[in-house]
Amino acid sequence: MSENRSTEALAPVGIDELLERVRAGYDRIDPREAAAAAEAGALLVDIRYAALRDRDGLIPGALVVERNELEWRLDPQGSHRAPEAVGHDLRVVVICNEGYASSLAVASLRQLGLHRATDLIGGFQAWRAAGLPVSAT
């Protein structure tokens with residue numbers, strides 16, 4: 001039996017190095033830039049889990065998609081896509097709580113062809129600290 005895939009293991013990478021590599025591939029944006037992007041038609045996607053949304057509130061107009069469903073909901077070719085997932089050229093701003101998980105999520109979305117995906121530096125906490133709108137859940 002022959003294998004078509006390489007069986008060599010990849011060298012281990014720590015999470016800090018992985019984040020650095022992922023983030024080097026795109027430009028992240030700050031809260032004011034994210035708000036402006038949303039006004040210009042970008043889709044803000046909140047991937048925080050329910051307990052954080054319940055505790056801290058929501059960004060008005062953001063699509064809530066928990067992290068474990070993100071790729072299925074935003075793949076424009078997927079059978080489980082959200083109505084907002086209209087094409088690969090969609091500008092997507094992924095928002096987690098503090099700006100770490102969102103970076104890894106962006107890497108995954110970019111692999112699906114969403115080449116304009118980015119994330120919010122500092123996440124939801126930075127949005128709120130900037131005094132941008134937040135609504136109760």
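Buried here means under 20% relative accessible area, with exposed being over 50% and partly exposed in between (1.4 Å probe, protein chains only).

These legends describe a predicted model, where local features need pLDDT of at least 70 and side-chain atom pairs count only at pLDDT 80 or more, while totals for chains, interfaces and linings use all residues. Residues are numbered from 1 along each chain as its sequence is written, and side-chain values use heavy atoms, with hydrogens and water left out.

**View 1. Strand β1 is covered on both of its faces.**
On one side of β1 sit L43 and V45, on the other L44 and D46, and all of them are buried. Helices (H or I, at least four residues) and strands (E, at least two) are DSSP runs, numbered from the N terminus. As a bit of background, side chains in a regular strand alternate between the two faces of the sheet.

**View 2. Four strands make an open sheet in the order β2-β1-β3-β4.**
The pairing in this sheet is parallel. β2 (63-64) and β4 stand at the edges with a single partner strand each, so one side of each has no neighbour in the sheet. Two strands count as paired if DSSP finds at least two bridges between them. How many bridges link β1 and β3? There are four, in the parallel sense. Two bridges join β1 to β2, and two join β3 to β4. In that last pair, V94 has D119 of β4 as its bridge partner.

**View 3. Helix α5 packs on the sheet.**
α5 touches β3 and β4, and its direction makes about 145° with that of β3. For that angle, axes are lines fitted to C-alpha atoms (for helices over the stretch in contact), and angles run from 0 to 180 degrees between N-to-C directions. Which residues of α5 (residues 101-111) are buried? They are S102, S103, A105, V106, S108 and L109. These buried residues pack against α1 (15-23), α4, β3 and β4 (118-119). After the helix comes G113, with a positive phi near 100°.

**View 4. The largest nonpolar core has 20 residues.**
A nonpolar core is a set of buried Ala, Val, Leu, Ile, Met, Phe, Trp, Tyr and Cys residues joined through side-chain atoms within 4.5 Å. Inside the largest one, the residues with the most contacts are V45, I47, L70, L74, V92, V94 and L109. β1 (43-46), α4, β3 and α5 each supply at least two residues of this core. Which element gives the largest share? That is α5, with three residues. Apart from this core lies another, of 14 residues, among them A37, L44, I59 and L120.

**View 5. R48 puts its charged end over the ring of F124.**
The charged end of R48 lies 3.8 Å from the centre of that ring. A charge sits over a ring if NZ of Lys or CZ of Arg is within 6 Å of the ring centre and within 35 degrees of the ring normal.

**View 6. H80 lies in the loop between α4 (70-74) and β3 (92-95).**
What does H80 touch, not counting residues up to four places away in sequence? The answer is W72 and R73. H80 and E69 are 11 residues apart in sequence and 9.4 Å apart in space, C-alpha to C-alpha.

**View 7. R116 is found in the loop between α5 and β4.**
Buried, exposed or partly exposed? R116 is partly exposed, since its relative accessible area is 34%. Not counting residues up to four places away in sequence, R116 touches D89, L90, R91, V92 and R110. G14 is 102 residues from R116 in sequence and 26 Å from R116 in space, C-alpha to C-alpha.

**View 8. Zooming back out, the protein has six helices and four strands.**
Along the sequence, the pattern reads α-α-β-α-β-α-β-α-β-α. The C-alpha atoms fill a box of roughly 60 × 35 × 25 Å, taken along the principal axes. Buried residues make up 41% of the 137 residues in the protein. Of the contacts with a separation of 6 or more, 67% come from residues 24 or more positions apart.

Definitions and conventions: Contact means heavy atoms within 4.5 Å.
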